Amino acid sequence: MKFATWNVNSIRARISNVLSWLKTANPDVVMLQEIKVLDEYFPRLKIQELGYQCAVHGQKGYNGVAILSNRGFDNVLSCLPGGEEEDARYLEATIDGIRVANIYMPNGNPVNSKKYVYKLNWMKRLKARAEELLIEEMPVILGGDYNVIPTDDDVYDHDALQGNALIKPEIRAAFREILWLGYTNAFRAKDHTKHKYSYWDYSGGAWQNDHGFLIDHLLLSPQAADRLEDAGIDITPRGQKKASDHTPVWCTLADLADH
DNA sequence: ATGTCGCGCGATGCGCGA
């Protein structure tokens, strides 16, 4: 069973790229971030034509998350518990016995602003939810755009990002706190190659020069990690016309029947 | 020749967020 996370930077601007990638990559579940659209304008039909159902938590102009599934959904939850819902950044559903949480973490820049405090608080709430999800001992995937570069080897030049919320030690520490609950970073469990990225800025020739960051992650609970078969980053969509600035990160879990 | 993109607003550019 193949899972992917992809910040598409507007689903309406990216629909051709997304449909094309679904056909090529054939994922079972896709977590989309920054769909930037109200639920009623989400291009459901085109996606349904490829055999996916859509759970959507949209917002006008900014943010917004959706989950695509070719195996349906149960128990959809569209707010991260433990605080006021300010933005559409969270969506959770059960798919084939796996609890899937789609995360669009606040960016947090500039530091020492309300936005930075908001990010730290959001991370605390996510940690609490991540801990709660472990209690039932079902497989859990926390996937999405974390806006966290976990180590200096996950960015082309950490000096260039000094003072940026994506690499702040306390942000990294908050990310590690979630991992230490017992979650495994799927990509890093399968690939230790340094300087592998999921995001390249549109400006300054970042893509052409491979000046990227690794900020999109799939975190697996122990029961999900036990079923991890493979994981990777599919950089092809980033090189295509009218690309998102992010590219899909994916993993495959063994089906229960094969396990 | 140029070099970021997408959005809303409500205009045919600008400011914002990323």
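Predicted model: local features only at pLDDT ≥ 70, side-chain atom pairs only at ≥ 80, totals over all residues.
Q: Which atom of DNA strand B is 3.1 Å from a polar backbone atom of S203?
A: Sugar and phosphate make up 94% of the atoms of DNA strand B that come within 4 Å of the protein. For K60, a polar side-chain atom lies 3.5 Å from a phosphate oxygen of DNA strand B. S203, by contrast, uses a polar backbone atom, and its partner at 3.1 Å is a sugar or linking oxygen.

Q: Which helix gives the largest share of the surface near DNA strand B?
A: The surface near DNA strand B has 4 nonpolar, 5 polar and 6 charged residues. The largest share of this surface, 3 residues, is supplied by residues 11-25, which form helix α1.

Q: Which helix gives the largest share of the lining of the largest cavity?
A: The structure holds 1 cavity of 30 Å³ or more, and the space in the largest cavity is about 40 Å³. Its lining includes L80, E84, Y118, W122 and R125, and by class the lining has 4 nonpolar, no polar and 6 charged residues. The largest share, 3 residues, comes from residues 114-134, that is, helix α3.

How values were computed
Residues numbered from 1 in each chain as written. Chains lettered and ligands numbered in written order. Heavy atoms only, no water. Near = heavy atom within 4 Å. Polar contact = N/O pair within 3.5 Å; in protein donor to acceptor, adjacent residues only side chain to side chain. Helix = DSSP H or I, 4+ residues; strand = E, 2+ residues; numbered from the N terminus. Nonpolar A, V, L, I, M, F, W, Y, C, P; charged D, E, K, R; others polar. 1 Å grid on protein atoms, 1.4 Å probe; cavity = no way out; pocket = protein on both sides within 12 Å on 5 of 7 lines; lining within 4 Å. Points joined across faces, edges and corners; volume = space filled by probe spheres on them.
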